[in-house]
Amino acid sequence: MTAGSDADREKTVAEFGEAVNMTAGDLEKWLGTDESKSVGRSLGDGESVGHASGRRIVDLLRTKKADLDDDDIAHMRKVVGYVHRHIAQRPAGDATRTKWRYSLMNWGHDPEN
């Protein structure tokens, strides 16, 4: 799968930077919590899709832009799409301790930031 033109890659990296508002360290710490592990669709091995994505996002945040490959860019697009779709589904009321927020945080976005 090709990641597109240089302009497409730059746009994806910028959108990823806007969608992911947690640092690598904060996300890594979050992924170790029971709340993080309690949400999401399982991959069959006990880990959810979002939790696995969060581990990949930690790696992406620690990767130099010049070292990003096409698979990295494709995952960044997936993250941006997920975050945008999930934000649109915000529940009414206080969402601080909700599965909705926990799922978003697994994907690197804390709506409380």
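A residue counts as buried when its relative accessible area is under 20%. With that cut-off in hand, Met105 can be called buried, because its relative accessible area is 7%. Met105 belongs to helix H6, and the structure that holds this residue is a predicted model, which should be kept in mind throughout the walk that follows.

The protein has 6 helices and 0 strands, and from the N terminus on its elements follow the order α-α-α-α-α-α. The radius of gyration is 14 Å, close to the 13 Å that the globule rule gives for 113 residues, so the protein is as compact as a globular protein of that length. Its C-alpha trace spans about 40 × 30 × 25 Å along the principal axes. Of the 113 residues, 44% count as buried.

Two helix pairs can now be followed in turn, and helix H5 takes part in both. Helix H1 covers residues 6-19 and helix H5 covers residues 70-87, and their axes come within 9 Å and cross at roughly 45 degrees. Angles under 35 degrees count as roughly parallel and those from 65 to 115 as roughly perpendicular, and H1 and H5 are therefore described as oblique to each other. The crossing of H1 and H5 is left-handed. On the side of H1 the residues that meet H5 are Asp8, Arg9, Thr12, Val13, Glu15, Phe16 and Ala19, while H5 contributes Asp70, Ile73, Met76, Arg77, Val79, Val80 and Val83. Sorted by class, this contact of H1 with H5 holds 8 nonpolar, 1 polar and 5 charged residues.

The second pair joins H5 to H6, whose axes come within 10 Å and cross at roughly 165 degrees. An angle over 145 degrees counts as roughly antiparallel, and H5 and H6 are therefore roughly antiparallel to each other. The crossing of H5 and H6 is again left-handed. Here the contact is made by Tyr82, Val83, His86 and Ile87 of H5 together with Trp100, Ser103 and Leu104 of H6. The residues of this contact divide into 5 nonpolar, 2 polar and no charged.

Ser103 lies in helix H6 and counts as buried, because its relative accessibility is 12%. Leaving aside its neighbours within four places in sequence, Ser103 is in contact with Val39, Tyr82 and His86. Ser103 and Arg9 are 94 residues apart along the chain, and their C-alpha atoms are separated by 26 Å.

Val39, one of the contacts of Ser103, is placed in the loop between helix H3 (34-37) and helix H4 (49-61). When residues up to four places away in sequence are not counted, Val39 touches Ser48, Lys99, Tyr102, Ser103 and Asn106. Val39 and Arg77, by comparison, are 38 residues apart in sequence and 22 Å apart in space, C-alpha to C-alpha.

Asn106 counts as buried, because its relative accessibility is 1%. Apart from its neighbours within four places in sequence, Asn106 is in contact with Leu27, Trp30, Leu31, Ser36, Val39, Ser48, Gly50, His51, Ser53, Gly54 and Ile57.Leu31, which is among these contacts, is placed in helix H2 (residues 24-31). With a relative accessibility of 6%, Leu31 counts as buried. Beyond its neighbours within four places in sequence, Leu31 is in contact with Ser36, Lys37, His51, Gly54, Arg55, Val58 and Asn106. Leu31 and Leu43 are 12 residues apart in sequence, and their C-alpha atoms are 16 Å apart in space.

The walk can end at Met105, where it began. Leaving aside its neighbours within four places in sequence, Met105 is in contact with Met22, Leu27, Trp30 and Asp110. Met105 and Lys64, in turn, are 41 residues apart in sequence and 22 Å apart in space, C-alpha to C-alpha.

Note on methods
Residues numbered from 1 in each chain as written. Predicted model: local features only at pLDDT ≥ 70, side-chain atom pairs only at ≥ 80, totals over all residues. Heavy atoms only, no water. Axes fitted to C-alpha atoms, helices over the stretch in contact; angles between N-to-C directions. Helix = DSSP H or I, 4+ residues; strand = E, 2+ residues; numbered from the N terminus. Left-handed = near helix turned anticlockwise from the far one by under 90°. Contact = heavy atoms within 4.5 Å. Nonpolar A, V, L, I, M, F, W, Y, C, P; charged D, E, K, R; others polar. Rg over C-alpha atoms; globule rule 2.2 N^0.38 Å. Buried < 20%, exposed > 50% of the residue type's maximum accessible area, 1.4 Å probe, protein only.
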